[in-house]
Amino acid sequence: MYKYSVKLDVVAKAFNLNVVSASSDFDEVKIMVEEVSRPGLPMTGFFDHFEPMRLQVIGNVESDYINTLSKERRLEMYDKLFAYKIPALIFARNIEPGEECLAMAEKHDVSILTCVESTTYLVTSMITYLKNALAPQISRHGVLVEVYGEGILLMGESGIGKSEAAAELLKRGHRLISDDAVEIRRIADNTLIGKAPELIRDYIEIRGIGVINVAKLFGMAAVKESTAINMVVNIVPWSDAEIYDRLGLEEQYMDLLGVKIPAITIPVKPGRNLAIILEIAAMNNRQKRFGYNSAQEFTEQINRHFDEHNGQHF
């Protein structure tokens with residue numbers, strides 16, 4: 001059920017958490033759910049809907065409640081809480097864990113961490129972080145660029161000209177996210193985010209020239225760490241035997257991680273300026289996302305013309 005995970009020590013480093021007490025398996029504990037909880041009700045003894053796989057965060061409200069309890073009651077409360085073998089208990093706002101907490105954490109081998117951030121900020125930031133870290137993901141061969149704010153995934157056989165088209169787009173002021181390989185994550189039901197693998201980030205390969213560092217050659221404004229994928233462009237060799245869509249009425253999609261992304265096929269041959277075509281495709285896709293479809297408008301205009309002249313629909 002839980003395919004993706006992120007290690008607790010990685011989360012701790014990402015949020016600068018102070019490790020007060022580490023479990024024996026601290027380096028191996030995996031977080032597999034994106035939700036983060038504040039265990040107020042479980043502390044009162046209500047565990048009916050408790051989710052033990054979540055990180056648990058203690059804030060001022062929970063701390064004030066704990067301070068009203070007797071030592072025996074605090075020991076009993078922490079004993080029950082840690083018996084569920086939660087990934088870790090985190091104290092926000094530099095709240096100090098009490099001796100009862102540390103004693104029961106040692107008994108059940110559960111990690112205790114602290115941080116200076118407010119409880120609300122910590123919880124919301126962790127949920128956002130975990131949502132991205134645990135998102136379903138795949139890798140695809142292609143080039144990802146951002147053109148006029150539209151994330152375009154260029155796909156096609158090797159040597160078709162994807163990287164060269166990206167280089168021309170860079171000269172025209174657009175941005176590169178990844179060349180050759182793209183890591184794709186689904187962060188929402190209808191949203192895909194693409195980024196470059198760490199090893200090849202900011203690099204692009206141009207056949208005949210070699211590998212270049214885009215950030216150093218074109219400037220930092222020419223690269224971006226990640227972008228939403230709004231359209232897929234399949235680049236194919238031109239074939240006189242093929243019939244290509246002339247009006248743009250055909251709605252094509254590519255399924256990536258269960259998300260349907262608008263897709264178009266662009267045939268290439270000597271003389272076609274692929275960079276300009278991609279710019280137009282990006283602007284056209286943006287218009288469609290905002291509710292305007294020029295191909296439909298053109299077709300309706302032709303139909304009205306023939307209706308007015310007692311002709312047939314186009």
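Colleague: Which residue in β13 is the bridge partner of Arg185?

Modeller: This is a predicted model, in which local features need pLDDT of at least 70, side-chain atom pairs count only at pLDDT 80 or more, and totals for chains, interfaces and linings use all residues. Residues are numbered from 1 along each chain as its sequence is written, and side-chain values use heavy atoms, with hydrogens and water left out. Strands (E, at least two residues) and helices (H or I, at least four) are DSSP runs numbered from the N terminus, and two strands pair if DSSP finds at least two bridges between them. Strands β12 (residues 181-188) and β13 (residues 191-195) are antiparallel, with 5 bridges, and in β13 the partner of Arg185 is Ile193.

Colleague: Are the residues on the two faces of β6 buried or exposed?

Modeller: Strand β6 (residues 88-91) pairs in the parallel sense with β5 (residues 55-58) over 3 bridges, and 4 bridges join β6 to the parallel strand β7 (residues 111-114). Taking buried as under 20% relative accessible area and exposed as over 50%, with partly exposed in between (1.4 Å probe, protein chains only), Ala88 and Ile90 on one side and Leu89 and Phe91 on the other are all buried.

Colleague: Which residue in β7 stands opposite Phe91?

Modeller: The strands β6 and β7 run parallel, and the residue of β7 opposite Phe91 is Thr114.
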